[in-house]
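Morning, everyone. I have one model to walk through today, and I'll keep it short.

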Amino acid sequence: MSEAERQLAILLQALVKSDLDYICPRCYQLFSDIIACYRHCRETGEGDRADDIHKGLGLITKKDFPEFLRCYRVAIGFSIAECDLPLGGGRGRRSYDKCFEIDFVLENCGKFYSQMQARSLQTDMDTVPSRETMEAMLLAVIKI
Ligand SMILES: [Zn+2]
């Protein structure tokens, strides 16, 4: 088990004990309900210091799905296949609730991290948020 995997395992254990089930994959803020999580994405995606990726994550209509997917991939740092996303149904919108569940997000961030480690010799540093990612996750947990 690598250091990163060990850290992730510890974080997951800590999170299971909290009542926070959702995480923003962009900034690792934690939420107890999905409505608050969506609201966070929409609010952070607007205004003077708007963040494009947050904005995309707040899109919940079917027609905006390609943009959601693009932003989700950037946020988790892993080009997840569309079929691997746990999407719910519903009229005129898709349910992304599971895409924001802590287990799911961390699992996929972990995959990305392992991939980068495997290729570490040819790593393009511009595309690697891995270390910052781990630190942000630790900070998120410390705030609980
Ligand atoms: Zn966020």
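Start with the core. This is a predicted model, and its largest nonpolar core holds 27 residues. Which residues have the most contacts inside it? They are Ile 23, Leu 57, Tyr 72, Phe 100 and Val 105. As background, nonpolar side chains in soluble globular proteins tend to be buried together.

Now take Ile 23. What does it touch, leaving aside neighbours within four places in sequence? Tyr 28 and Leu 30 are two of its contacts. Phe 100, Ile 102 and Val 105 complete the set.

Step back to the whole chain. There are six helices and two strands. From the N terminus, the order is α-β-β-α-α-α-α-α. Of the 144 residues, 30% are buried. Look at contacts with a separation of 6 or more: 52% of them join residues 24 or more positions apart.

Next, Tyr 28, the contact of Ile 23 I mentioned. Tyr 28 sits in the loop between strand 1 and strand 2 (30-31). Buried or exposed? Tyr 28 has 22 C-beta neighbours inside 10 Å, so it counts as buried; the cut-off is 20 or more. Its backbone deserves a look too. Phi of Tyr 28 is near 65 degrees, a positive value, and this is not a glycine. For reference, most residues other than glycine have a negative phi.

On to helix 4. It has 12 residues. From first C-alpha to last it reaches 16 Å, close to the 16 Å expected at 1.5 Å a residue. Its buried residues are Phe 68, Cys 71, Tyr 72, Arg 73, Ala 75 and Ile 76. Just after helix 4 comes Gly 77, with a positive phi of about 75 degrees.

Last item, confidence. The chain averages a pLDDT of 79, and 72% of the residues score at least 70. Where is confidence highest, and where lowest? Helix 3 is highest, at a mean of 95. Helix 6 (residues 130-142) is lowest, at 65. Residues 123-128 have pLDDT below 50. Beyond near neighbours in sequence, that stretch has three contacts in the model.

That's the tour. Questions, please.

Conventions. Residues are numbered from 1 along each chain as its sequence is written. This is a predicted model: local features need pLDDT of at least 70, side-chain atom pairs count only at pLDDT 80 or more; totals for chains, interfaces and linings use all residues. Helices (H or I, at least four residues) and strands (E, at least two) are DSSP runs, numbered from the N terminus. A residue is buried if 20 or more other C-beta atoms lie within 10 Å of its own, exposed if 12 or fewer, and partly exposed in between; C-beta atoms are placed from the backbone. Two residues are in contact if their C-beta atoms, placed from the backbone, lie within 7 Å. A nonpolar core is a set of buried Ala, Val, Leu, Ile, Met, Phe, Trp, Tyr and Cys residues joined through C-beta atoms within 7 Å. The expected span of a helix is 1.5 Å times one less than its number of residues. pLDDT is the predictor's confidence in each residue, from 0 to 100.
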